[in-house]
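Please study the sequence and the structure before working through the solutions.

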Amino acid sequence: RARAQALRAMQPELKLIVIDYLQIVSAENPRAPMHEQIAAISGQLKRLAKDMQLPVVVLSQLNRASVERHSDGPPPRPTLTDMAGSDAIVKDADRVYALHRPRYYQPDNEAIPADLAEIIVLKCRNGIPGPVTVRWEASKTQFSPWPEGRPIAPTPSPQKAATGRRS
């Protein structure tokens with residue numbers, strides 16, 4: 001909180017706060033169980049966003065449940081239950097997004113485009129959850145719109161092939 005307020009004082013035009021990796025933020029009570037620490041931090045960040053009237057973007061780790069769901073089937077898609085640490089993250093968040101790159105789980109499956117990625121809207125207050133297909137540009141470490149008309153997967157639905165956007 002103090003860092004954010006100091007930054008705002010130095011940069012009054014501040015429009016966004018990004019916390020890169022929630023699980024390494026220091027908790028007030030480091031002896032508390034991890035899920036309690038994360039719940040406390042999540043609540044503090046929610047209050048910070050409201051007090052400063054700024055969006056706060058928090059990056060967080062997924063637990064291993066999504067990987068464990070992947071046996072011989074299709075690549076697992078992250079869900080809200082895969083959020084590592086605490087249900088409080090999901091409760092406090094206005095929006096939750098997850099990144100998914102199917103080829104990561106099936107590197108030898110050439111039927112899946114190597115640059116295919118999804119930004120999955122897992123939670124969106126006042127909005128619609130669902131996946132958005134994007135292009136992963138590894139050399140630039142960035143996502144960009146999926147090219148119009150480019151097939152997405154081995155047998156895309158006509159809507160996906162036509163729009164290349166939402167599925």
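A salt bridge is a side-chain nitrogen of Lys or Arg within 4 Å of a carboxyl oxygen of Asp or Glu. The structure is a predicted model, in which local features need pLDDT of at least 70, side-chain atom pairs count only at pLDDT 80 or more, and totals for chains, interfaces and linings use all residues. Residues are numbered from 1 along each chain as its sequence is written, and side-chain values use heavy atoms, with hydrogens and water left out.

**Exercise 1. Determine which residues are linked with Asp 115 in a network of salt bridges.**

Solution. 

Step 1. Side chains of opposite charge can pair when their charged atoms come close. A search of the whole structure finds eight salt bridges.

Step 2. Asp 115 and Arg 135 meet through their side chains in a salt bridge of 2.9 Å, N to O. This pair links distant parts of the chain, 20 residues apart: Asp 115 is in the loop between helix 5 and strand 4 (116–124), and Arg 135 is in strand 5 (residues 130–137). Helices (H or I, at least four residues) and strands (E, at least two) are DSSP runs, numbered from the N terminus.

Step 3. Arg 150 also forms a salt bridge with Asp 115, with the closest N and O atoms 2.9 Å apart. Here the distant parts of the chain are 35 residues apart, with Arg 150 in the loop between strand 6 (142–145) and helix 6 (158–163).

Step 4. The network of salt bridges links Asp 115, Arg 135, Glu 137, Lys 140 and Arg 150.

**Exercise 2. State whether Asp 115 is buried or exposed, and classify Arg 135 likewise.**

Solution. 

Step 1. Buried means under 20% relative accessible area, exposed over 50%, and partly exposed in between (1.4 Å probe, protein chains only).

Step 2. Asp 115 has a relative accessible area of 12% and is therefore buried.

Step 3. Arg 135, at 30%, is partly exposed, and Arg 150 counts as partly exposed at 27%.

**Exercise 3. Identify the salt-bridge partner of Asp 94.**

Solution. 

Step 1. The partner of Asp 94 is Lys 46, and the closest N and O atoms are 2.8 Å apart.

Step 2. The pair links distant parts of the chain, since Asp 94 lies in the loop between helix 4 and strand 3 and Lys 46 in helix 2, 48 residues apart.

Step 3. Asp 94 has a relative accessible area of 40%, so this residue is partly exposed.

**Exercise 4. Describe the largest pocket by its volume and its lining.**

Solution. 

Step 1. On a 1 Å grid over the protein atoms alone, a pocket is an open set of points where a 1.4 Å probe fits, with protein on both sides within 12 Å along at least five of seven lines; lining residues have an atom within 4 Å of a point. Grid points are joined across faces, edges and corners, and a volume is the space filled by probe spheres set on the points.

Step 2. The volume of the largest pocket is about 1400 Å³.

Step 3. Its lining has 37 residues, and Val 58, Leu 59, Ser 60, Met 83 and Tyr 97 lie nearest the centre.

Step 4. Strand 3 (95–100) is one of the elements that each supply at least two lining residues; strand 3 gives the most, with six.

**Exercise 5. Find which residues lie nearest the centre of the second largest pocket.**

Solution. 

Step 1. The second largest pocket holds about 510 Å³ of space.

Step 2. Of its 18 lining residues, Arg 1, Arg 3, Ile 19, Val 25 and Leu 45 lie nearest the centre.

Step 3. Helix 2 gives the most to this lining, with four residues.
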